[in-house]
Amino acid sequence: MKRFWLICAYAWLLAGCSMSRSLPVEPLMEADPARFVIVTLRNESAPSIPRAGSTVRGYEPPPSYSLAPATRASAKAVATAHGLREIAAWPIGLLGIHCIVYELPPDADRDTTIDRLRRDSRVESAQPYQSFTTLTGDSDPAAAVSDPYRPLQRNLDMMDVAGAHAWSRGEGVRVAVIDTGVDASHPDLAGRVIKQENFVDGSANSRDRHGTAVAGIIAAVENNSQGIVGVAPAARVHAMRACWPAPRDEAGAVCSTLTLAKALAAAVEARIDIVNLSLTGPADPLLTRLVEVGLRRGVVFVGATPANSGGSVFPTGIPGVIGVDSAGAKASADSVLFAPASEVLTLVPNGRYDFLSGSSLAAASVSGGIALLLSRDRNLRADNARELLARSSRKVTTAQGEAASVNLCAAMAALIHQPACKE
């Protein structure tokens, strides 16, 4: 019996060490990002000991990534040496590091503190704690409709989604929507949202506007006698809440380095096929490293391109990320794709629908389009998908005049070597 309790205690200890110590994010949501810094420490942690009878490539789950005692001690020592207060921390197994959000002391200069941290031999990296925003705005409220019909989805016609659906509906493809919460109970998402995770406050069933709208563009249910049709109605959505509604702006949202890093790590570790990032913000070293790991593992990242970005932004400034802007917008880079994003009918919480605009919706359309392509060719890589969509783009009529837009039927026909779609 004594041995039994010793084994239980040891197992509990291992489980406790493998958990990331992460305090609630709520105190950071309303705080000034300039008060915080992100610091990473090298974490030389051995994986937990496997159970007897398990093998390296057997049926056991992979060993958990744990926080080494020496790393925990270094985190405390760094805080003491620089007068910092730890707010949140978690180990990132993908990068072999321990990541910490520290609060600066009153009246401290952030840039000076970061420079000093970077010279500390215990510190692997130090950077600002940053804020990111989504790229969607409400249209004229009078344009909202209570009876949603497919004929109102002119954006799908402009991309010839119906033609592409003759060959694919996104079967078997998993898309992570890293965004605000998604209303998975919406009738037009029934069975499409197969997993929900909340990296903001841990609450269940967050029903936010922006994430629901993006998920609706990608995967709204077809042929259910109500609502709209998604670009890839058979794709499966992983809703990863890393953003929260912006104060006084129901259509907008805010995210942080902390929440986005957690969601990105979870998406890559879950071997998601496509990650949709309908948001933007400053270039961020930690987030860039996580995206680069995902790209090397074959994950396709799609991001919304902000106006006048200049290229040095997250996520579309990262080589390999597919940037998407609204059809009719001025190209910020030669590699940018375009999709309809003006007065687009999509889902909003509580079973409702609305017209929204913005490059957030353009990015979601391209994520759905790539899901269609991936369903037919599982070896398709991000650079090949972007080149295929760019080459098959067509001119469409927008409020700004004729403009380029992805044409999903033409892209699909080229991928599977079928005759060209009808113009």
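Guide: The salt bridges come to 11. A salt bridge here is a side-chain nitrogen of Lys or Arg within 4 Å of a carboxyl oxygen of Asp or Glu. The model is predicted, so local features need pLDDT of at least 70 and side-chain atom pairs count only at pLDDT 80 or more, while totals for chains, interfaces and linings use all residues. Residues are numbered from 1 along each chain as its sequence is written, and side-chain values use heavy atoms, with hydrogens and water left out.

Take Arg-289 and Glu-124. Their side chains form a salt bridge, 2.8 Å from N to O. Arg-289 sits in helix α9, and Glu-124 sits in the loop between α4 and β4 (125-128), so the pair ties together parts that are 165 residues apart in sequence. The helices (H or I, at least four residues) and strands (E, at least two) are DSSP runs, numbered from the N terminus. Arg-289 is partly exposed, at 23% relative accessibility. Glu-124 is also partly exposed, with a relative accessible area of 27%. The scale is simple: buried is under 20% relative accessible area, exposed is over 50%, and partly exposed is in between (1.4 Å probe, protein chains only).

Next, Asp-273 and Arg-378. Their closest N and O atoms are 2.9 Å apart, in a salt bridge. This pair also links distant parts of the chain, 105 residues apart. Asp-273 lies in the loop between α8 and β12 (274-277), and Arg-378 in the loop between α10 (359-376) and α11 (382-391). Asp-273 counts as buried, at 14% relative accessibility. Arg-378 is partly exposed, at 45%.

A local pair comes next. Arg-391 and Glu-387 meet in a salt bridge of 2.4 Å, N to O. Both lie in helix α11, four residues apart, about one turn of the helix. Arg-391 is exposed, at 52% relative accessibility. Glu-387 is partly exposed, at 36%. Elsewhere, salt bridges that share partners join Arg-35, Arg-85 and Glu-103 into one network.

Now a charge without a salt bridge. Asp-325 is in strand β16. Asp-325 is buried yet has no salt bridge. The nearest side chain of opposite charge is that of Lys-330, 11 Å away. In this scheme Lys and Arg count as positive and Asp and Glu as negative; His and the chain ends are not counted. Leaving out residues up to four places away in sequence, Asp-325 touches Thr-305, Lys-330, Val-336, Leu-337, Phe-338, Ala-339, Ser-359 and Ala-362. Touching, or contact, means heavy atoms within 4.5 Å.

Back to α9, the helix of Arg-289. Helix α8 (residues 257-269) packs with helix α9 (residues 285-296) at an angle of about 10°, and their axes are 10 Å apart. That makes α8 roughly parallel to α9. Angles under 35 degrees count as roughly parallel, over 145 as roughly antiparallel, 65 to 115 as roughly perpendicular, and the rest as oblique. The axes are lines fitted to C-alpha atoms, for helices over the stretch in contact, with angles from 0 to 180 degrees between N-to-C directions. From α8 come Thr-257, Leu-260, Ala-261, Leu-264, Ala-265 and Val-268; from α9 come Leu-286, Leu-287, Leu-290, Val-291, Val-293 and Gly-294. The residues of this contact divide into 10 nonpolar, two polar and no charged. Ala, Val, Leu, Ile, Met, Phe, Trp, Tyr, Cys and Pro count as nonpolar, Asp, Glu, Lys and Arg as charged, and the others, Gly among them, as polar.

Look at Val-291 in α9. Val-291 is buried, at 0% relative accessibility. Val-291 and Ala-265 are 26 residues apart in sequence and 8.6 Å apart in space, C-alpha to C-alpha. Beyond residues up to four places away in sequence, Val-291 touches Leu-264, Phe-301, Phe-314, Ile-318 and Val-321.

A cis peptide bond joins Phe-314 and Pro-315, with omega about 0°. Pro-315 lies in the loop between β15 (313-314) and β16 (322-326). Most residues other than glycine have a negative phi, and most peptide bonds are trans. Asp-107 has a positive phi, near 65°. Its place is the loop between β3 (97-103) and α4 (110-118), and Asp-107 is exposed, at 83% relative accessibility. Glu-343 also has a positive phi, near 55°. Glu-343 is in the loop between β17 (337-339) and β18 (344-348), partly exposed at 37%.
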